[in-house]
Amino acid sequence: MRNILFILYGIVIFSFSGCKYQNKNTKVPLAVSKIEGKQLSIEKSLTEDEEIKTFVAPYKDRIKDEMNKVLSYTPNTLSKFNGEYNTAIGNMMADALLEITNPVFHQRTGKNIDAVLLNHGGIRSSINRGDITTKTAYNIMPFENEAVVIELKGTQVLKMFEYLSKSEVAHPVAGMQLTLTEDNQIKTGRIQGKKVDLNKSYFIVTNDYLMDGGDHMNFFAIRESETYLDYKLRNVFIDYFKKHDTINPVRDERFIKQ
Amino acid sequence: MKRRDFIQKTAAAGIFTGIGGTALLSSSFASAEAKHITILHTNDVHSHIDPFPTSDDSYPGQGGVAKRYTLIKNIKKENPNALVLDAGDIFQGTPYFNFYGGELEFKLMSKLGYDAATIGNHDFDNGIGGLHAQLPNAKFNLLNANYDFSNTVLDGQIKPYQVFHKGGVKIGVFGVGIQLQGLVSKKMYKETVYHDPVNISQDIVKKLKETEKCDLVICLSHLGYSYESDKIDDLKLASQTKNIDLIIGGHSHTFLEKPTVTKNAEGKEVLVNQVGWAGIMLGRIDFYLDHANKVNGKGASILV
Ligand SMILES: [Zn+2]
């Protein structure tokens, strides 16, 4: 009933304006008399426009080919939930970052990367046993984050250890060794096998999201320098997979609790 | 659509009682004066060019550019006086962006007949240079009024607003974007300077109304629908400005069941709409204009 009433109102408004102003005062500005708003769903049942489909097809096919390219192989399924303080997948990602980016950093600065820190939440999927494809790299790293090397004073490196001791999660690390006591105190913390020298600077490779305080990694804020490597993390993993025909990482002692 | 939700203002009812039943008889010649504009809009499509897979838990088989075009073409057949607009975050979200850097998104929007879009934070994901490089693929303008691009590659390439003439109606469309600091790496947006969208919007709307003599004013916003904090959002922008008819929002990926009707700084009604993300929905707002309401000073009837 209201439906009908409304339609009537609409007609009446038009009629009124039409009669009164049709031939004389054209300077009366236009004004909105009625507004209708609705949300239309792009339903499954809607027909796809053929011209658009044809236009998209070659772009789509190229992606498909590229995504399905086999880069490497893993004999085991790798999951970030498989391990308490370090996981095989996290160790692989941290090791890959160190292996691939250190030559780039060294070439630019003459220095070497000491350690790696990523975040557990940043491992966006597991890797299934079998072929590793380009798609695998997109699955584990769908975002555009890029590698950045941060120079931290020894004092800030200790803050990083403190963060790791409190977070109780397997953040991927490399180039460091951290052992926690039963009550989450730091028993040993080493960078490149050595105790942290408070007066020394260390180069930690991470990503731009974490550098900016992502996952509450606020210790990165007090830094001596930052060096962007213009290398997306996803591409780091793609290049790492291309380099190794088999990926078979394991859990180890790099970050443990006693 | 729920008919009970409509807000019926007094204008229509008043005319109805005033002229009585005779007006109904003359409706045929009246339509020459009445104007009808259809606004179609998307936001945060995030490179979703294909429909969701039929196996998707949330949106099986929904969305996709080719289906959106079918819908747009059907609506334009019904009313050719239509504008197709987007509220930003066109880029990022599928490998189409990673592989082609936004080329396909812009080319397809051009084919679909988009008239204008604003810039979202993710449109900087390949850096301001990456966005600049894709501009030749867009046959529509990117509009933004509150980013100062003077010291960037986009200098002079982003208009604050654009005026469209459709079926005898002048429609002013302008864009506003979200604060980039803290959301986008400075390395990406470089020397882009963000300005408060409220003050800018007031200046632009004044210009659109007084200088450009627009009949309708539409804001394309990538601010987000509503925040509890003081952070500017679409509802706050609506309440702190005047003379905006419609705010098409984005960024918060808000699926509004229906467009929100809210009050502007003068107590007049403004529509705020947003259609989620990923091209699952298309917003449709129909404006009917005539020369009568201005005289009697009454507002429009809004049916949402
Ligand atoms: Zn956004």
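Predicted model: local features only at pLDDT ≥ 70, side-chain atom pairs only at ≥ 80, totals over all residues.
Residues are numbered from 1 along each chain as its sequence is written, and chains are lettered from A and ligands numbered from 1 in the order in which they are written.

Of the 258 residues in chain A, 50% are buried (under 20% relative accessible area with a 1.4 Å probe, protein chains only; exposed is over 50%, partly exposed in between). The chain has seven helices and 12 strands, taken as DSSP runs numbered from the N terminus (helices H or I of at least four residues, strands E of at least two). As for contacts (heavy atoms within 4.5 Å), 80% of those in chain A between residues at least 6 apart in sequence link residues at least 24 apart.

Turning to the inside, a nonpolar core here is a set of buried Ala, Val, Leu, Ile, Met, Phe, Trp, Tyr and Cys residues joined through side-chain atoms within 4.5 Å. The largest one holds 49 residues, and Phe106(B), Phe124(B) and Leu142(B) have the most contacts inside it. Helix H2 (50-67) of chain A gives two or more residues to this core, as do several helices of chain B, including H4 (65-78) and H6 (103-111). H4(B) makes the largest contribution, with six residues. Beyond its neighbours within four places in sequence, Leu142(B) touches Phe106(B), Leu131(B) and Ile158(B), among others. A separate core of 35 residues includes Leu97(A), Ile140(A), Leu233(A) and Ile247(A).

Strand E1(A), residues 31-41, is mostly covered, with nine of its 11 residues buried. Strands count as paired if DSSP finds at least two bridges between them. E1(A) runs antiparallel to E13(B), residues 281-290, over 10 bridges, with Ala31(A) partnered by Asp290(B). E1(A) also pairs with E14(B), residues 301-303, this time in parallel through three bridges; there, Ile35(A) sits opposite Ile302(B).

Helix H5(A), residues 154-167, spans 20 Å from first C-alpha to last, close to the expected 20 Å (1.5 Å times one less than its number of residues). Its buried residues include Val157(A), Met160(A), Phe161(A) and Leu164(A).

Notes
Heavy atoms only, no water.
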